[in-house]
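Work through the exercises below with the sequence and the 3D structure at hand, and try each task before reading its solution.

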Amino acid sequence: MRTWIALAAKLYPRHWRDRYGPEFDALIEDTNPDWCELANVLGGAMKMQLKSGTYWKLAVAMAAAGALAALAVSLRLPERFMSSAMVQVHGESWIGVEGIQREVLSRSSLAELIQRPSLDLYRGERQWMPLEDVIDLMRRNVQIGRKADGRLSIAFIYLDRDVARRVVQELVTKFMETNLAIERNRQHVYQSAWNEHAPAGMVMEVLDPPAQARSLGAEARPALALAGAHLGAMLVLIWRWPRPAWKLAAFATAGCLLATAASYLIPNRYTSTVVMRLVPPIDARRWTASLPVEPFSNHVHRIAAQILSEDSLKELILRPRLNLYERERSRKPIAEVAREMRDQAVTVKEHAPSFEISFTYGDPRIAQAVVRELVTKAIEGNIEEQRNRARAEGGQYKLMVEYRIGELLEVLDPASLPMAPVAPNRTVIAGLGFVTGLLLGAVTLAIRRPHNPSIVRAVPAAAG
Amino acid sequence: MIDPTLLILASLADGEKHGYAMMTDIRDFAGVRVGAGTLYGAITRLEELGWISAVDSDDRRKPYRLTADGRRQLEEQMGALDRLVKCATRRLRHA
């Protein structure tokens with residue numbers, strides 16, 4: 001211990017050691033050294049370095065300590081592994097690779113993988129997180145990338161090396177099986193409708209099978225060490241802050257805490273989302289010779305206009321089971337409430353060949369029920385439209401509607417039951433509180449005069 | 001709670017002392033254990049302020065003594081503390 005303290009004493013500035021070094025070493029020899037003494041000497045050395053203005057040395061030392069601490073922490077953190085596979089895609093698909101990807105990463109598909117007993121993914125997380133959030137977590141850990149030459153890379157990151165590889169294997173299988181099922185169905189209905197074999201569709205083959213998962217921790221360690229070094233150096237700089245800076249920080253923290261507390265007075269809002277797929281006619285080439293296929297974007301806009309028309313929304317708002325916006329209806333005409341619902345609460349996002357419909361409301365179950373009603377309206381509207389068109393045009397179109405091979409609207413991911421609120425955004429509110437506190441602190445410090453120090457603290461604080 | 005500079009001034013009030021003697025003296029009269037880092041931080045500060053000065057010595061253990069300024073500061077501090085103690089005691093009696 002005496003050796004450690006002697007080493008710690010070497011951290012004092014050179015000019016200080018020239019003046020006090022011998023007597024300080026003599027004092028250390030006289031004392032009974034322990035861990036407290038070591039901490040005290042280290043603290044004294046740091047303060048003296050800061051006081052003497054050579055704090056850059058301390059910053060370097062703290063940066064090194066921060067890097068070491070970050071490395072130590074990274075070694076203690078659970079290791080994560082990434083496995084990947086490569087698939088070659090030939091030809092074009094009925095719904096495209098994006099469509100298959102959406103199907104493979106749909107809630108139902110991932111929920112099945114997560115809960116499969118042989119994989120039993122995210123067992124710990126499932127004990128405290130809703131399944132919806134676990135699915136989102138898994139989606140973030142799945143990486144699918146498309147290369148220019150038609151190759152598709154599928155990767156998964158997980159805590160277990162072997163499980164990561166098996167999950168990639170399952171994802172690749174799901175891609176292949178989904179494509180095969182779609183092609184088989186297409187062949188079947190094509191043959192039934194046109195009485196001939198369908199032209200070849202998309203074929204997928206595995207180029208590189210799922211590789212042994214590699215450790216991500218080892219790759220991340222240099223960045224972690226750098227972050228630790230940065231933090232260590234920053235701590236020294238923060239320590240050098242003058243007293244007004246600490247007061248400003250206190251104001252900002254108080255503002256942040258107050259704003260966060262106030263945000264809990266704002267009622268929560270929940271968003272339910274459905275993902276739907278617009279399936280093109282099964283034989284667009286033959287069909288488009290006489291009837292052009294409507295562009296995806298136009299079709300989605302038409303569906304949105306239909307389900308979000310004023311009459312449609314009025315009917316939803318007044319439906320007794322939903323009874324939406326009761327308070328707003330007592331203050332405004334129903335038409336205005338319907339317009340606000342369309343403009344502020346409902347969103348339609350396109351990701352060809354699928355699209356999302358979302359609805360935000362104060363009650364998560366009602367949000368989900370409204371999205372289900374919107375889906376029903378969209379599907380009913382599409383069927384009605386196809387029947388009318390078949391009646392009007394007859395011929396091939398009538399045959400396609402009869403065999404359900406016209407433009408179909410399918411639900412890919414049913415309306416979710418939102419668990420976490422989407423509003424108020426407490427992070428933004430806390431940030432605004434922080435900035436407001438900072439500004440208030442600056443104003444207060446600018447107009448307030450320094451008061452006389454306490455009589456007891458008249459002796460300037462010692463460096464120790 | 002008590003500023004180490006005040007403890008050092010009080011310790012040197014009855015004569016010159018080196019670091020270890022101050023440390024044991026403070027432990028005896030105030031019941032406070034002052035670490036080596038804290039002690040020499042305070043000694044550095046007090047010497048800069050001119051309230052204590054080193055006594056010439058051949059020994060590595062260099063003694064320190066109070067200067068006239070240091071004595072005046074100690075008396076002022078003691079006066080302030082005395083007023084504080086009296087006020088607090090009176091208030092406690094009437095509470």
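The structure holds 32 salt bridges over all chains, a salt bridge being a side-chain nitrogen of Lys or Arg within 4 Å of a carboxyl oxygen of Asp or Glu. This is a predicted model, in which local features need pLDDT of at least 70 and side-chain atom pairs count only at pLDDT 80 or more. Residues are numbered from 1 along each chain as its sequence is written, and chains are lettered from A in the order in which they are written.

**Exercise 1.** Find which parts of chain A the salt bridge of Arg107(A) and Glu132(A) ties together.

Solution. Begin with the contact itself, where the two side chains, Arg107(A) and Glu132(A), meet at 3.3 Å, N to O. Arg107(A) lies in helix H6 (residues 107-115) and Glu132(A) in helix H8 (residues 131-141), so the pair ties together parts that are 25 residues apart in sequence. Helices here are DSSP runs (H or I, at least four residues), numbered from the N terminus.

**Exercise 2.** Decide whether Arg107(A) is buried or exposed, and then classify Glu132(A).

Solution. Buried means under 20% relative accessible area, exposed over 50%, and partly exposed in between (1.4 Å probe, protein chains only). Arg107(A) has a relative accessible area of 13% and is therefore buried, whereas Glu132(A), at 26%, counts as partly exposed.

**Exercise 3.** Locate the salt bridge between Lys17(B) and Asp25(B), and state how far apart their closest N and O atoms are.

Solution. In this pair, the closest N and O atoms of Lys17(B) and Asp25(B) are 3.9 Å apart, and both residues are buried.

Methods:
Side-chain values use heavy atoms; hydrogens and water are left out. Helices (H or I, at least four residues) and strands (E, at least two) are DSSP runs, numbered from the N terminus.
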